[in-house]
Amino acid sequence: MSKSRKAAKKSVMLLFACLFIASVGLAGCGGASNEEPGTDAKTSENNTAIDHSKPLTITVFDNAANYQGEQTGWYGKLLKDKFNLTLNILAPQVAGDQLYKTRSAAGNLGDLLIIDNSQLEELIPAGLIMDLTDRVKNTKYLSQYVDNHFKPFNEAFDKVNPDGKIYALPTFTADTSPTTFSEDQPYSSPILPWDYYKGVGAPKLNNLTDLLNVLKKMQEKYPKTSDGKPIDPITLWKDWDGGGMENVRWLSNWYGYEQPDGTTTLQLNAKGDIVPLIDDNSMYKKILQFYFTANQMGLIDPDSASQDWNKVSEKLTNKQVLLLWYSWQRGFYNSIDRGKNGDGYVSVPIADSRIIQTSDAYYGNGRVFAIGSKAKNPERIMEFLDWSVSPEGLRYYTNGFEGFNYEKTDDGKFKLTETGQTAFQKNTPVPDQYGGGGYQDGQSKINSMIMSDFVKDPDTGEFYNNNYWSSTIEANKTSLTTDWQNTYNAKNATDYYLKNKMIDIVPNINTSFGVDSSDIKNKRSQISDYVKNASWKMVFAKDQAEFDQLWAKMKTDVAGLGWNDVLAADAAKAQKIVQMRSEASAGK
């Protein structure tokens, strides 16, 4: 979800407990195998047998990971059995941003890298990234995506890659088209528990004030879960913050303004209008005001200023939060069985909103997989990456393992088992033969993919994303789904927003924006820290006067930190996005 999709891209997303978890099924993040290490010699990219007899631990520097340490559980056992491979994950989200500065300065970031595009542009000329051109072209599975995806992406980094070599593989790449949007729900939109919303009369939401009022009614009627845990209308968290408050960033999308990846000082709409974050009429300020008002009404979780995403995810699983916005957050609670009882989170549109939504990530989504130039066993790392985009690898990552999470139907397609429908939510125990432990605990901690689950499985002709399997769609014809469809006269949320002209779908642009000068980088860092801290203070200001004072002070103070210089750099990036979107829409 940057995306960025932090969520999404910290994405997200989870990508962020699991990135593409959606309304009915639960997309897992890995799988298992019964093969013994070294018993089946694989073939490398140059068709020579790879020796797996010696165990290999690779250091994974991973911006997307919410976990630091050795990959364990059933996914860890899978990689050990199949490749005699262990992943040791280093996560800046856990250890802090200084980890990147320290390791890159030392000349060795790691063996396998999941890094931001901007970092790739720094690391290529520094000689810290391995040239993968020949290795990728000679793989079995990755090679299928070179011409349409990997080559155009890498060629865009022409300032640091004039020869058009393939240094990196973009993340969450969709094999659809540059202008297609495949999902049934916008990435960010208002989402509420349907039974609670109906329980307070399901009033039409005309604006954000109406949303706050309905949240207050729901809070008063449903203050606790069935087991006595407190329910908070809105919960926030800090650990995904980048150039500003991430929870503000994604609600801005509801009203047509996005913050493009790689920028920190502006917002952009579908028409190409650029608005500075600190403009008095910016959507950033409007959403800050929304959260401030919510807190004044007693709607904000008091844990918000201190909790991290992991704590939030626990609350989502327990239905302790009323308002969600990321589409994948529904998967922490929704299930087919609950849907049969009309219980689950659904989209509830706000009449005055007009969502901005990027298309499928045909060229990837803000981060990349790369191999460190000092990696000692690149052929074994490439073998793992190639397998990760194979049908077997993608099935494990997105859906777990056959027989436990899903099974084959008579028509040769797949369907979720009863266990698979809730294995993530319940952290269902995994059979010892697959590694034991809880299913959620054992999922891949890499938390990112090269090819997304919006790639079609050649054996079924359906997306790897199990929410779009024909069997799941059929099973999801529950009272929750049909009641929502009848209420809004639409197949799904995307269909509703399109029919009512409440969404603008713009081409997803994932490209090189150049590297900030040291001066801009330093100013950006200072400004970002200030904006983040001031934003949180504004949400929890004691009254409107203090909110206004903090806003005015922020505008003045960031100007003294070099705001106009950073804004000019970001505006150039935004103009490039506007131009490339125009070209993509015109089919150039």
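Q: Which residues lie nearest the centre of the second largest cavity?
A: Tyr75, Ser388, Tyr397, Ser448 and Met449 do, out of 13 lining residues. A cavity here is a set of points, on a 1 Å grid over the protein atoms alone, where a 1.4 Å probe fits but cannot get out, and lining residues have an atom within 4 Å of a point. This is a predicted model, in which local features need pLDDT of at least 70 and side-chain atom pairs count only at pLDDT 80 or more, while totals for chains, interfaces and linings use all residues. Residues are numbered from 1 along each chain as its sequence is written, and side-chain values use heavy atoms, with hydrogens and water left out.

Q: What volume does that cavity have?
A: About 110 Å³. The volume is the space filled by probe spheres set on the grid points, which are joined across faces, edges and corners.

Q: Which helices supply at least two residues each to its lining?
A: α13 and α14 (391-399) each do. Helices are DSSP runs of H or I with at least four residues, strands are runs of E with at least two, and both are numbered from the N terminus.

Q: What does α13 lie across?
A: Helix α13 (residues 378-388) lies across β3, β5, β6 (112-116) and β14 (367-371), at about 145° to β14. Axes are lines fitted to C-alpha atoms, for helices over the stretch in contact (heavy atoms within 4.5 Å). Angles run from 0 to 180 degrees between N-to-C directions.

Q: What is the strand order in the sheet of 6 strands?
A: β4-β5-β3-β6-β14-β7, an open sheet with mixed pairing. Its edge strands are β4 (69-70) and β7, each pairing on one side only. Two strands pair if DSSP finds at least two bridges between them.

Q: How many bridges link β3 and β5, and is the sense parallel or antiparallel?
A: There are 6 bridges, in the parallel sense, between β3 (residues 56-62) and β5 (residues 85-90). Val60 stands opposite Ile89 in β5.

Q: Which residues of α3 are buried?
A: Leu99, Tyr100 and Ser104, in a helix that spans residues 98-105. Buried means under 20% relative accessible area, exposed over 50%, and partly exposed in between, with a 1.4 Å probe and protein chains only. The buried residues fall within an arc of 115° seen down the axis of α3, so they line one face of the helix. That arc is taken over the directions from the helix axis to the C-beta atoms.

Q: What covers them?
A: The cover includes β3, β5, α2 (92-95) and α4 (117-123). After α3 comes Gly107, with a positive phi near 90°.

Q: Switching to Thr171: buried or exposed?
A: Thr171 counts as buried because its relative accessibility is 1%. Thr171 sits in the loop between β7 (169-170) and β8 (188-193). Leaving out residues up to four places away in sequence, Thr171 touches Gly364, Asn365, Arg367, Val368, Phe369, Ser448, Met449 and Ile450.

Q: And β8, which sheet is that in?
A: An open antiparallel sheet of 3 strands, ordered β11-β8-β12. β11 (324-326) and β12 (345-347) are the edge strands. Between β8 and β12 there are 3 bridges, and Leu192 stands opposite Val346 in β12.

Q: Which elements supply at least two residues each to the lining of the second largest pocket?
A: β12, α18 (479-488) and α19 (493-499). A pocket is an open set of points with protein on both sides within 12 Å along at least five of seven lines. The volume of this one is about 650 Å³.
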